[in-house]
Amino acid sequence: MTLTTAASGWTLPAWLQNKSPVAAPLAGDATPGSSSANTTVAAAAVPAPVAATLPPAQLPNYRAIVQTQGQAVVGITVAGLHKADGPAIADGQGMDEDPFFRFFRGIPGLRMPQQMNPGAQPFRGQGSGFIISADGLILTNAHVVRDAKQVTVKLSDRREFSAQVLGSDPATDIAVLRVDAKGLPTVQLGDARQVQVGDYVLAIGAPYGFEQTATQGIVSAKGRSLPGESVVPFIQTDAAVNPGNSGGPLFDAAGRVVGVNAQIYSQSGGFQGLAFSIPMDVALKVKDQILAHGKVEHARLGVTLQDLSAPLAASFGLGSPNGALVSSVVPDSAAAKAGLKAGDVITAIDGEAVHVAGDVSSRVGLARPGDKIKLDIWRDKAGRSETVSLGRAERDAQEANAAPQGASLGLAMRPLERAELNQAGLDHGLLIERVAGPAQLAGVQPGDVLLALNGRPVQNVEQVREVLKARPAQVALLVARDGQQIFVPVRLG
C-alpha cells in the first residue's frame, strides 16, 4: 500500500493502526512523543482555500409571467403609404400640362396608377406593443408605425381599437400610441440598469403575426452599440425575436418589462441568436418628452469618435484601451466651444467611466439640448476636465406624427361631361383623377367613377364634402370600374 500525504493530508485510519485515532498536532505544537515526520504530516494537513461555488440558479416561472403580464401585450397592424423618389411627372406634377394626359383624362375607367402616383405605394405591416397605463397608453417601435395612416391595436382578448400615434422618435426607435379605452391591463415596469449579463429574460410578441408568442433566453450583453448613429445602449439577448416582435416587451425573471424588442442581427432575415432591446429607462424618457412636448429633442456634442485599441492607447500614454478617441471636432459645435481637440480621449462623463465610443454617444444622445456635462479628458499624457453645454442635434425635433384627424378621402374629382357619361353608359358620377391617403389605401384607383357615397348618389363634389363634414369614421364608395360597379369601404380615422 502506498500512502500519499503531501497533497492530500491523509493519515492512517484507526483500523489499520489498531488503536483509537488521535488528532494530528498543528505545526509548532510541542506534543510529547511526536516526531519530525509527524510534524511534517500535520503541517501538510492544513487544507488549501477552496474557491466558492455558485449555487445553481432557479429558472423563472415563465408560465406565471405569461399569464399575469401577457394580457397587456398587444398586436399592432398598420397601413399607410411609403414615399419613393421619382421624376416629377411620376407623382402627378406637370400632368395637367402634358398633352397625352389631357387627351385621355376624360375617359371613364382609365387607370394610370403608376403614372399618377407611383411615389406613394400602399403598404401593410405588423408589430407588437404593450400597455403601460390603464387609460390606453401603449409603447412600441417607431419603425412599426412609420408612415402609417391607420394603426389598429389588437388586445389579447381579441378586442380591436384604432390607435392614435401621439409621437415617435426615430433616433431611439420609440413610439407612443393611445387607444380610447379604460381599465386596460398593464405591464409591470422594471429597471434595466439592474439587469446583468446571464440573467433570464422572456420576450412576448407576434412574430410573423403569431400573436401572444413567448420565447425565452438570457441577457447576452449590455450597452451594445450598433452600426450607425444609434444613441441607444442596447440590451443584447438570445431570446428568439423575429419580424413582428418589434415593439414587444422584454421581461426579466420577475416579470417586469426591462426592454423594448427592436432589432435582430441576421444574414437570413430570421432569428440567428442575436436580438437587441431598447432599455426601459430610455423608452420612458422618450415617452415623457412626447407626452409633455409632443416631440423629442436630442443633444449633440459635435465630435467624431472611435474606439481605442491597445496600440492606440499605448501611443497616447494610457495604460488600458478604455475611452473614446476624438478623431475630429465639428466647427462651432458644443465640443469646439469647450475646447475639445482631435486626439483627446474622453475617459469619463459626469464621473462615470467611458469604455467605448458608444458610451459617449448614448449619454449625449439621451440628454437634452442645453444640458451641461463634465468630461474627463486625457490630453498630452495628462488628465483634465471640461464642462460642456450640449447643443441641439441636427435631426432633433421629431414632431408627433399624429394619426389622421377628421375625414379626408384623399380624392381629386370632377363631374363627368355629358359625352363622357354617354360613352361610359352612366347617367351621373364623378371622375376620380387623383388618389391619395385613405382612398388609395382602400384600393380606389385613378379613372374610377364615384357613383354614390354611403348609398346616396353623388353628382358634384359639394355633395361629397357635405357627407364628410360629419367626420365619419368610415364611408362606403360605389365606384364604376371597367364596366362593373363595386363598393369600396374607406376607413377615415
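**Cavities, buried residues and contacts**

Q: How many cavities of 30 Å³ or more does the count come to?
A: Two cavities of 30 Å³ or more are counted. Keep in mind that this is a predicted model.

Q: How much space lies in the second largest cavity?
A: About 30 Å³.

Q: And which residues line the second largest cavity?
A: The lining is made by K285, V286, Q289, E297, H298 and L366.

Q: Let's take E297. Where does E297 lie?
A: E297 sits in a loop. That loop runs between β14 (295-296) and β15 (299-300).

Q: Is E297 buried or exposed?
A: E297 is buried. Its relative accessible area is 13%, and buried means under 20%.

Q: What does the E297 side chain make a polar contact with?
A: One partner is the side chain of R368, at 3.2 Å. The side chain of R392 is also a partner of E297, at 2.7 Å.

Q: New topic. Which residues does UniProt list for "binding site"?
A: The UniProt entry, which is unreviewed, lists H143, D173, G244, N245 and S246.

Q: Pick D173. Where is the place of D173?
A: D173 is in the loop between β5 (160-169) and β6 (174-179).

Q: Why does D173 count as buried?
A: Because its relative accessibility is 12%, and the buried class is under 20%.

Q: What does D173 touch?
A: Leaving out residues up to four places away in sequence, D173 touches T140, N141, A142, H143, A262 and I278. H143 is also on the UniProt list for "binding site".

Q: Now N245. Where is that one?
A: N245 is in the loop between β10 (234-237) and β11 (249-252).

Q: Buried or exposed, N245?
A: N245 is buried, at 2% relative accessibility.

Q: And which residues does N245 touch?
A: Not counting residues up to four places away, N245 touches S128, I204, G205, A206, P207, A240 and N261.

Q: Switching to R256. Which strand is R256 found in?
A: Strand β12, residues 256-264.

Q: What is the relative accessible area of R256?
A: It is 34%, so R256 is partly exposed. That class falls between the 20% limit for buried and the 50% limit for exposed.

Q: Which residues is R256 in contact with?
A: Leaving aside neighbours within four places in sequence, R256 contacts Q188, L189, G190, L250 and F251.

Q: What separates the C-alpha atoms of R256 and L202?
A: A distance of 9.7 Å. Along the chain, R256 and L202 are 54 residues apart.

Q: Helices next. Which residues are buried in α10?
A: Helix α10 covers residues 357-365. A357, G358, V360, S362, V364 and G365 are buried there.

Q: What covers the buried residues of α10?
A: The cover includes β15, β16 (303-307), β17 (324-329), β18 (345-349) and β20 (372-379).

Q: Last one, Q150. Which strand is it found in?
A: Q150 is in strand β4, residues 148-154.

Q: Is Q150 buried or exposed?
A: Q150 is buried, with a relative accessible area of 16%.

Q: What does Q150 touch?
A: Setting aside residues up to four places away in sequence, Q150 touches T77, V78, A79, L441 and R491.

Q: Which atom of R491 lies 3.1 Å from a polar atom of the Q150 side chain?
A: The backbone oxygen of R491.

Conventions
Residues numbered from 1 in each chain as written. Predicted model: local features only at pLDDT ≥ 70, side-chain atom pairs only at ≥ 80, totals over all residues. Heavy atoms only, no water. 1 Å grid on protein atoms, 1.4 Å probe; cavity = no way out; pocket = protein on both sides within 12 Å on 5 of 7 lines; lining within 4 Å. Points joined across faces, edges and corners; volume = space filled by probe spheres on them. Helix = DSSP H or I, 4+ residues; strand = E, 2+ residues; numbered from the N terminus. Buried < 20%, exposed > 50% of the residue type's maximum accessible area, 1.4 Å probe, protein only. Polar contact = N/O pair within 3.5 Å; in protein donor to acceptor, adjacent residues only side chain to side chain. UniProt positions renumbered as here; feature names shortened; annotations may be inferred. Contact = heavy atoms within 4.5 Å.
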